[in-house]
Amino acid sequence: MRRFVEGRIAVQSTLFPERLEDWIGEDNAVRVIDVFVEELDLAALGFSGVDPEATGRPHTIRQPC
């Protein structure tokens, strides 16, 4: 009896692009909504848990397209 499962070589292409940005057009309204939400000061609006703990995962900075 072996302890680990042996994998197979998968040659299947991906169903979706690597980034969702690749599917969203430059003139799509989602981009405006995304910028608006990113600019909100959630702590000032009364949301808790906005600031990550020191042991948490660092914030990912999105690069503009």
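A search of the whole structure finds 2 salt bridges. This is a predicted model, in which local features need pLDDT of at least 70, side-chain atom pairs count only at pLDDT 80 or more, and totals for chains, interfaces and linings use all residues. Residues are numbered from 1 along each chain as its sequence is written, and side-chain values use heavy atoms, with hydrogens and water left out.

Reader: What makes the pair R19 and D22 a salt bridge?
Author: The term requires a side-chain nitrogen of Lys or Arg within 4 Å of a carboxyl oxygen of Asp or Glu. The N to O distance between the side chains of R19 and D22 is 3.6 Å, so the pair qualifies.

Reader: Why is R19 called partly exposed?
Author: Buried means under 20% relative accessible area, exposed means over 50%, and partly exposed is in between (1.4 Å probe, protein chains only). R19 has 42% relative accessibility, so it counts as partly exposed. D22, at 47%, is also partly exposed.

Reader: What do the side chains of E21 and R31 form?
Author: They meet in a salt bridge, with 2.7 Å from N to O. E21 lies in the segment before α1 and R31 in helix α1, so the pair ties together parts that are 10 residues apart in sequence. Helices are DSSP runs (H or I, at least four residues) and strands likewise (E, at least two), numbered from the N terminus. The chain has 1 helix and 0 strands.

Reader: Is R31 buried or exposed, and how do you know?
Author: R31 has 19% relative accessibility, so it counts as buried. Buried residues make up 2% of the 65 residues in the chain.

Reader: Which backbone oxygen lies 2.8 Å from a polar atom of the side chain of R31?
Author: That of I24. A polar contact is a pair of N or O atoms within 3.5 Å; within protein, one must be able to donate a hydrogen and the other to accept it, and residues adjacent in sequence count only if both atoms are side-chain atoms. The side chains of R31 and E21 are joined by a polar contact of 2.7 Å.

Reader: Which residues make the nonpolar surface patch?
Author: I33, F36, V37, L40, L42, L45, F47 and V50 make a patch of about 740 Å². V50, in the segment after α1 (29-39), has 34% relative accessibility and counts as partly exposed. Patch members need over 30% relative accessible area and no salt bridge; like charges are joined within 9 Å, nonpolar side chains (Val, Leu, Ile, Met, Phe, Trp, Tyr) within 5 Å. V50 therefore passes the area cut-off.

Methods. Accessible areas come from the Shrake-Rupley method with a 1.4 Å probe; for residues, only the protein chains shown count as cover.
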